[in-house]
Amino acid sequence: MDIFEIDLKEMDEVKKVKNKMLILFGDNTSIFDRRRTMLDLKMSKENIEDVRALAARVNMTVEKAQVKDATIDEWKVLTFLHSLDLPRYSDVHMRTMQTARQQGKDCTLDDLIAVFNDVAQLKKDSRSITESSKRSIVPIY
């Protein structure tokens, strides 16, 4: 066997070891964050003037995002979380992010909507309690 001939099994083993090393010592950015970065990629934001440089950045970013490994539900969850950017929904965003993290690949858009509905109901219940307590307090003069 020639020194430059490496069978596919050995290449797979090298890739596995490389990935383990990256996990242990390298880039520990979450898959969610890598995919969000991919969606955020813009020439203007990256200060890139050259189209070839942009193509290289796109190539690297998409590879890091592990696009081919994502399910349609993961893309829906990512897109929803990435799109939910209005300040008035910051508490909902935190709770949905927490849910997505806890459930991982099993998380669906329906799960996140259930979280939103739960938070909305809690807010409504809380308002009704605070409003009723304001009405029942009678100032003494």
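Which helices each supply at least two residues of the lining of the second largest pocket? Helix H2 (31-40), helix H5 (72-83) and helix H6 (90-103) do. Helices here are DSSP runs of H or I, at least four residues, numbered from the N terminus.

Ground rules, quickly. This is a predicted model, where local features need pLDDT of at least 70, side-chain atom pairs count only at pLDDT 80 or more, and totals for chains, interfaces and linings use all residues. Residues are numbered from 1 along each chain as its sequence is written, and side-chain values use heavy atoms, with hydrogens and water left out.

Back to the pocket. A pocket is an open set of points on a 1 Å grid over the protein atoms alone, where a 1.4 Å probe fits, with protein on both sides within 12 Å along at least five of seven lines. Lining residues have an atom within 4 Å of a point. The second largest pocket holds about 380 Å³ of space, the volume being what is filled by probe spheres set on the points. Its lining has 16 residues. Ile31, Phe32, Glu74, Ala100 and Gly104 lie nearest the centre. H5 gives the largest share, four residues. By type, the lining has eight nonpolar, three polar and five charged residues. Gly counts as polar in that scheme, and Asp, Glu, Lys and Arg as charged.

Take glutamate 74. Glutamate 74 is in H5. It is buried because its relative accessibility is 15%, and buried means under 20% (exposed is over 50%, partly exposed in between, 1.4 Å probe, protein chains only). Beyond its neighbours within four places in sequence, glutamate 74 contacts Arg35, Asp69 and Lys105. Contact means heavy atoms within 4.5 Å.

Arginine 35 has another partner. Its charged end sits over the ring of tryptophan 75, 5.7 Å from the ring centre. The rule: CZ of Arg or NZ of Lys within 6 Å of the centre and within 35 degrees of the ring normal.

Glutamine 66 also touches Arg35, along with Ile31 and Arg34, again leaving aside neighbours within four places. Glutamine 66 lies in the loop between helix H4 (51-64) and H5. Its relative accessible area is 33%, so it is partly exposed.

Last, aromatics. Ring centres must lie within 6.5 Å; planes under 30 degrees apart are stacked, over 60 edge-to-face, the rest tilted. The count is one pair. Tyrosine 89 and phenylalanine 116 sit edge-to-face, 6.1 Å centre to centre, with 70 degrees between the planes. The pair joins the loop between H5 and H6 to helix H7 (residues 109-136), 27 residues apart.

Terms used. Rings of Phe, Tyr and Trp (its six-membered ring) pair if their centres lie within 6.5 Å; planes under 30 degrees apart count as stacked, over 60 as edge-to-face and the rest as tilted.
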